[in-house]
Amino acid sequence: MENYSRRRLFKKTLIATALVATPAPLLAASRQPLVIPPLLESRRGRPVILSTESTQTALIDGKLVEVWGFNGRYLGPTVRVKQGDFVKLNYRNNLTQLVALNIQGLQTSGELLGSIGHSLKPGEGWAPIVPITQSAGTCYYHSCTLASSAYQNYRGLVGMWIIDDDESRKANLPNKYGVNDIPLILQDQRINSAGTQLFQQNEPHFYGERLFVNGQEAPYLNIPRGWVRLRILNASLSRGYDLRMDDERDVLIIAQDQGFLPQSKTVKQFFVGPGERVEILVDLNEGENVSLIVGTKRGLLDKAKLLFNSNGELADNTVLELRPEGLLSVFNGKPSFQFSEAAVLPTQIKQERSFHLDATNGMINQKRFDPRRIDVNAKQGSVERWTISSSIPTGFRIQGARFVIESIDDKATDAAELVWKDTVWINGKVRILVKFDNLSSNTQPFIFGSSDLMQADKGAIGLIVVQ
């Protein structure tokens with residue numbers, strides 16, 4: 001009986017100690033409201049100005065530290081464009097090192113995309129005019145500087161890029177930016193006691209113990225009752241996220257990467273790998289506060305254990321707490337959509353290729369990146385079948401082109417889940433059908449390879465020329 005009492009006392013002491021040492025975001029009362037990135041729209045020929053800059057923000061405990069971003073803020077503004085626009089981009093590099101920028105998912109030529117073939121020196125600018133030809137989707141812009149993309153993304157050179165079209169604007173979907181259409185940029189980070197970001201270039205992968213959303217840890221959002229649309233971008237360097245609502249309610253997946261699914265998919269959980277984008281709808285017509293979380297819901301003991309041994313897990317697995325308020329929405333029916341440009345499986349296959357990622361040593365097919373070697377020569381308008389595998393689960397991406405997933409581990413993709421993508425999580429054998437609609441050259445090539453930016457910087461990328 002005495003031993004039992006001691007165990008109970010120890011358990012209570014452990015929990016009490018854990019509560020005292022708990023990081024503030026774990027305590028719901030201390031959470032901060034979600035910051036919504038400002039919106040830049042390309043209306044009436046207005047230029048979209050994006051200047052890379054050093055700035056200051058408080059990542060934890062109100063401690064101001066130096067970070068990077070665009071236009072004087074941590075991270076970048078959300079750029080919103082429309083199919084048919086000619087977007088006047090105006091880049092300027094106000095940092096003290098080379099920066100190359102890529103708009104992941106954007107379908108345009110290598111000359112206009114930028115990427116590793118167009119590095120900006122300190123103080124240098126570039127002003128391409130980019131035609132928007134593709135249908136609605138969620139892309140993102142970020143640093144893809146050769147051998148420095150991981151560090152520069154980590155410091156804050158990331159922003160969301162939204163493409164609308166006539167059908168998406170008229171669809172029965174939440175579309176008020178910052179009100180019921182919410183951008184969420186996920187990044188895991190390591191932060192020291194001074195509030196500064198920690199980073200080591202020579203590690204094979206990067207896993208931070210703290211999760212930030214739009215630059216904040218476990219924030220909340222007051223939101224009108226009704227349906228909410230969450231546009232989720234995994235901007236982490238290596239980590240993928242298994243996401244769900246903490247009360248296990250259903251969510252609707254409506255879009256991935258470059259487009260809408262043929263119909264919404266009802267799920268309780270979903271996975272988003274590095275560089276992937278997923279759009280979901282959450283029903284907030286009834287009920288109390290609910291949180292989007294990583295993994296499974298944690299109890300007090302789970303949180304206490306993590307203080308002693310994290311095993312690489314996040315200190316707080318809350319992504320965002322949603323706090324619905326106000327009266328029930330008049331338009332509370334299930335949103336519906338039907339788009340004419342649904343993805344289909346191409347049938348004319350020009351060529352087949354196989355790529356194996358060595359996701360520990362930074363190689364593809366046992367080769368490291370060589371700027372003098374073109375790894376893929378493709379013909380404009382052609383479709384190729386690529387079979388991709390990896391030594392460990394990791395992300396894969398392609399620039400300037402798009403693909404549909406034909407099969408995963410030889411299981412064919414259901415027609416109702418076909419969608420145009422540019423990034424995919426590789427956990428087994430994945431077959432994709434890649435469509436090359438855009439031109440690139442030897443001097444302005446596209447790249448493909450690991451979306452784990454630590455691996456990309458080590459050499460797990462290759463060059464694509466489309467002629």
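Ala, Val, Leu, Ile, Met, Phe, Trp, Tyr, Cys and Pro count as nonpolar in these legends, Asp, Glu, Lys and Arg count as charged, and the others, Gly among them, count as polar. The structure is a predicted model, in which local features need pLDDT of at least 70 and side-chain atom pairs count only at pLDDT 80 or more, while totals for chains, interfaces and linings use all residues. Residues are numbered from 1 along each chain as its sequence is written, and side-chain values use heavy atoms, with hydrogens and water left out.

View 1. A pocket is, on a 1 Å grid over the protein atoms alone, an open set of points with protein on both sides within 12 Å along at least five of seven lines, and its lining residues have an atom within 4 Å of a point. The largest pocket has a volume of about 720 Å³, where a volume is the space filled by probe spheres set on grid points that are joined across faces, edges and corners. It is lined by 24 residues, of which Gln256, Lys265, Ile405, Ile408 and Glu417 are the closest to its centre. Two or more lining residues come from each of the strands β20 (251-256), β21 (259-267), β22, β31 (402-408), β32 (411-412) and β33 (423-426); strands here are DSSP runs of E with at least two residues, helices are runs of H or I with at least four, and both are numbered from the N terminus. By residue class, the lining of the largest pocket divides into 13 nonpolar, five polar and six charged.

View 2. A cavity is a set of grid points where a 1.4 Å probe fits but cannot get out, and the count comes to five cavities of 30 Å³ or more. The largest cavity holds about 110 Å³ of space, and of its 13 lining residues the closest to its centre are Ser135, Ala136, Gly259, Phe260 and Glu341. That lining comprises seven nonpolar, three polar and three charged residues. The second largest cavity has a volume of about 80 Å³, and the residues lining the second largest cavity include Tyr140, His142, Asn153, Arg397 and Leu453. Its lining divides into four nonpolar, six polar and one charged.

**View 3. A five-stranded open sheet.** The strands of this mixed sheet follow the order β17-β25-β24-β19-β22, two strands being paired if DSSP finds at least two bridges between them. Because β17 (220-224) and β22 (269-272) stand at the edges with a single partner strand each, one side of each is left without a neighbour in the sheet. Strand β17 runs parallel to β25 (residues 318-325), to which five bridges join it, and Leu221 stands opposite Leu322 in β25.

**View 4. A six-stranded open sheet.** Here the order is β1-β5-β12-β11-β7-β8, again with mixed pairing, and the edge strands β1 (39-41) and β8 (119-120) each pair on one side only. Strand β7 (residues 99-104) pairs with β8 in the antiparallel sense over two bridges, and Val99 has Leu120 in β8 as its bridge partner.

View 5. The model has 34 salt bridges, each defined as a side-chain nitrogen of Lys or Arg within 4 Å of a carboxyl oxygen of Asp or Glu. In one of them the side chains of Asp166 and Lys82 meet at 2.8 Å, N to O. Asp166 belongs to helix α4 (residues 166-170) and Lys82 to strand β5 (residues 78-82), and the two are 84 residues apart.
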